[in-house]
Amino acid sequence: MASHHDRLVPCLILLTAFFVVRTLGDRARPSVSPLDCERIVAADMTAMERCLTVRPADIELMAELGRAYERADRWGRAESIYRQALEVDVDDGDMRVRLGQLLLRRGDAGGARRQAEIAVALQPGRSGPRDLLRQTAIGGQPGLDR
Amino acid sequence: MIRLFARPLSIGIARALNAAFFFVTSVYCLLAYNPFTYEQFIQPKVSAALTSFAVWHGAIHWLVLSMTALTLAPFLERPRAKWIGWSYLVASLALSAWFFTHPLWLQEGTSRGNLILAVVSMCPLLWLAFFDHAATDVGVESPEQFRSVLPTCWKTATFVFAVYAVAAPLRLYLTGGIALTAGGLGLGWFVSALWHLALFTTAGLVLTIISTLAGYARSPGRTHYWLLWAIATAAVTFVLLRVLLAPVAIRGAAAWLVSVAAAVAVASAWSGVARHAAASRSAVLAPLDLWLAPLAIGTSGTAVAIGLVGAAVLTHLSIARIWTFDWEFMLQKLVTLALWVVAFGFIQTLARNRAAPRRFWIGPALVVVSFAAGQVLLSRLATRAHDGGLNPEFAVDSYAAVDPSFRVARDLFGSGTPADAADFYGFLRAHSTIQGRQLEPVDVDFVREWSARWPTPDVFLFIVDSLRPDYLSPYNKTVGFTPAIDAFAADSFVFKRAFSRYAGTGLSVPAIWAGSMIIHKQYVTPFGPTNALEKLVSAKGYRRFITEDHLTSELFEASPDTMRLDRQVPEMLHTFCRTTGELARMLEERSLHEGHGAGKARRPIFVLTRPLELHIGNIASAKVPPGESYPGFHAPYASRVRRIDACFGEFLDTLRRTKLYDNSVIVLTSDHGDSLGEGQRWGHGFTAFPEVLRIPLIIRAPEAIRGRLSADLARVSFSTDITPTLYALLGESPGAHGSRGVRDLLIGSPLFVDPSTDLSWRRRESYLVASSYGPVYGLISRNGRHLYLADGVESREYAFDLSPDRSDVRVGMTDAEREASRQAIRQQIGELANWYGYSPEP
């Protein structure tokens, strides 16, 4: 009997230890970032900029940030953020229209036209690219999208 | 001659064939009993091998019975075995006659009789096991000293780890799409070695406990032996439930009933063969050695080494043969488990009869300490490693794709799901593969009143099962074998980011017809109120040409003058060329009778077909014609795509010849994609990985309509958009279904709209996708650039970057992103359940 207990007890202890280690190991997953960018408020430019460092490919966030820059008359920053977005997704027709409108406002009709032509191919029949293309031809100012 | 059939090898082979016959019979009956598997596997006859087995069932039983009878004959004279043996033969003859008069393949699907047959099929194995025990007289040794089995366990762990670790780099090289760096491979080896050692040490401790408990009994040897039987039964039950039945969504009482019956029968049958093997050696063996007697290939190291090498080679050959059509890695897992058992048995024959040291527990304790240290190291690595390839979560997961043994160890013996996730996965399972509940169909109506802004065009809707966009040149410039589709695309609208809402035909096709996600049940009938496509076709007075398959027969209402395509052709043999050839003949004949061209009134044509030559069930056995090569592509699949392209071009020529082309809406799409080796995945089982969700969507509209509508080709689109898009192209004005709420995320939207309609909202939303066959759900977001997957089968989550130049790389998630994704999935599944008035039983 003594020898049976000498075997049984260590085995049970070791089995328990194995399952405890396995369970605790799964729970030791580190949290990556405390910044909650899922609930960001669109008007908060600083928060959006911080979130962009954590989510550098979030085009929708870039679009919101670009709008915020435009509202604050920070045209250079807005153009930079739109171009950054297009590096992530070259086929984003809405972003091309937005960039084209900004370029037209800043006097770059040629650049605006190039964006409009690409957008027309991506969004056949859509009024946004069509109107921008027309505006680049007549050199008009686009309506501000606030 | 009779002595030949008394040998353990002959008996073992006969018992194995007998067990395989009744096991497959049980599996077939269980699949037929379960409504989901009956619809998806049995009715469409997906597996040719299983179908052939069912058709030839009676003849195969007769063959198996003959072989079994030969191995019974040498022992029928023995008093204890005589009556058992003769009664078995008589009953089997009666059973054979019953099989011939009640063919398996004609059994009524989903009836309780199939479940009973699935359980009762295990009785012959048990009966034979009784015979084998009665026919043999074998003594069991009760050892006086304790002999530890742990050294055998460690040697087995080392061998099995090495067999698969050595092959991992080769599998990595042969497989595409697994992002595993050299560092990641090393990390995978380390974790795999640790896991194998820990797992087999656990098994050794369990065996030690059993032998210790047996020591308390009056007959320690006999008790030990039957405790081994009990452990084997429990292990087989566990494997059947987790590896065989869970992947085909068979759970609950029926799964347990069949698993326990099969496990008892298999363990008993094994015990019977073991006793024959021991009897032939005329030795009194220790309990474990008796149990492993069928695997005793000799006591010399050379014999064992040859056996181990042979087992390793056979394992790799088997895996190479089965990996292209292996539902949820099921067969690979079973082959791996077989290697574990065989290797353990071979190595145990070399165990010396030495008493274990008093402090035998030091070795296992060191293993547990090493395992704990490994867990700490991995958690530190996750935060400190600058190399993304060394992120343990990704590296270990990627390594598991090329090491089936590690995958088995991780999947079978992974720790329980953390409490916060358990509730989420339970929610997914409760809302999936709904059975046994009567639900009312929902109405899906895209218009309140029919109008027609322009004349009704003809509609050709080609849903090519399992067609992937990256095998078509409009989506992949490196494709050179689809010139006809390329030319067609130049005259059409190519939607670049199209996804199926469901990763399998079962729900994907009905959802296409509905223009909406549908509840996870196959099916809520009558389907008419939900079938928005059928409503459109009826309202416009179309003459229908529809392929006859199990879905159209059950869910698409037939009008009296529907022309059925592919009549009398088995569903899995529906091909694009055959169907379009038949259709072309019908159209040319029709054009002679009804006239064509402008000014001549005729009913518009609606064509609906779903060819299956690209389905994984057909691709697995497809050959590449001589002279064709497709570097960078899966050649059998590419070859069939080439053929489809040629027939597609010919069919378009027919449309031009019959003056139907110009006024036709032609849609070329698929119900889902497929895995063709990405991450060692093949087919589209439970998975909803990117390559399964992506579909081509090319839509040609008549010239007269194009000028009136607009589209955004790079905006994310879904299979559920096809029907509302047809509404728009046919002159209707499909509006938003109800208010802009969660339900609108479930329902499709037209892809062609008035030029000034705002389309930007879809870019910001997340859209639910799902497996058709299990609790695997996902969210497609960021305009089709991001996929989050929650796998309720394996309790695992993934995230993928779907951006065009990122090759669907797996990416990390913050806890906030994970939580937001889970909430969105819950919300949309909950809304779907509300819509159908479904709530899970508590």
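Colleague: How many residues of chain A are in contact with chain B, and with how many residues there?

Modeller: 47 residues of chain A are in contact with 57 residues of chain B, where contact means heavy atoms within 4.5 Å. This is a predicted model, in which local features need pLDDT of at least 70 and side-chain atom pairs count only at pLDDT 80 or more, while totals for chains, interfaces and linings use all residues. Residues are numbered from 1 along each chain as its sequence is written, chains are lettered from A and ligands numbered from 1 in the order in which they are written, and side-chain values use heavy atoms, with hydrogens and water left out.

Colleague: What makes up the area that the two chains bury between them?

Modeller: Chain A and chain B bury about 4400 Å² between them, 60% of it on carbon and sulfur atoms. Buried area is the accessible area (1.4 Å probe) that two parts lose on being put together, summed over both.

Colleague: How do you know that B:Arg785 and A:Asp89 meet in a salt bridge?

Modeller: The rule asks for a side-chain nitrogen of Lys or Arg within 4 Å of a carboxyl oxygen of Asp or Glu. For B:Arg785 and A:Asp89 the N to O distance is 4.0 Å, so the pair counts as a salt bridge. Across the interface of chain A and chain B the rule finds 6 salt bridges.

Colleague: Why can such side chains pair at all?

Modeller: Side chains of opposite charge can pair when their charged atoms come close.

Colleague: What does the salt bridge of B:Asp465 and B:Arg610 tie together?

Modeller: These two side chains meet at 2.7 Å, N to O. B:Asp465 lies in the loop between β1 (458–463) and α19 (483–490) of chain B, and B:Arg610 in the loop between β6 (605–609) and α24 (616–619), so the pair ties together parts that are 145 residues apart in sequence. Helices (H or I, at least four residues) and strands (E, at least two) are DSSP runs, numbered from the N terminus.

Colleague: Why is B:Glu831 called buried, and what is B:Arg743 called?

Modeller: Buried means under 20% relative accessible area, exposed over 50%, partly exposed in between (1.4 Å probe, protein chains only). B:Glu831 has 18%, so B:Glu831 counts as buried. B:Arg743 has 26%, so B:Arg743 counts as partly exposed. The two form a salt bridge, with their closest N and O atoms 2.9 Å apart. B:Glu831 lies in α31 (residues 815–836) and B:Arg743 in α29 (residues 742–746), so this pair ties together parts that are 88 residues apart in sequence.
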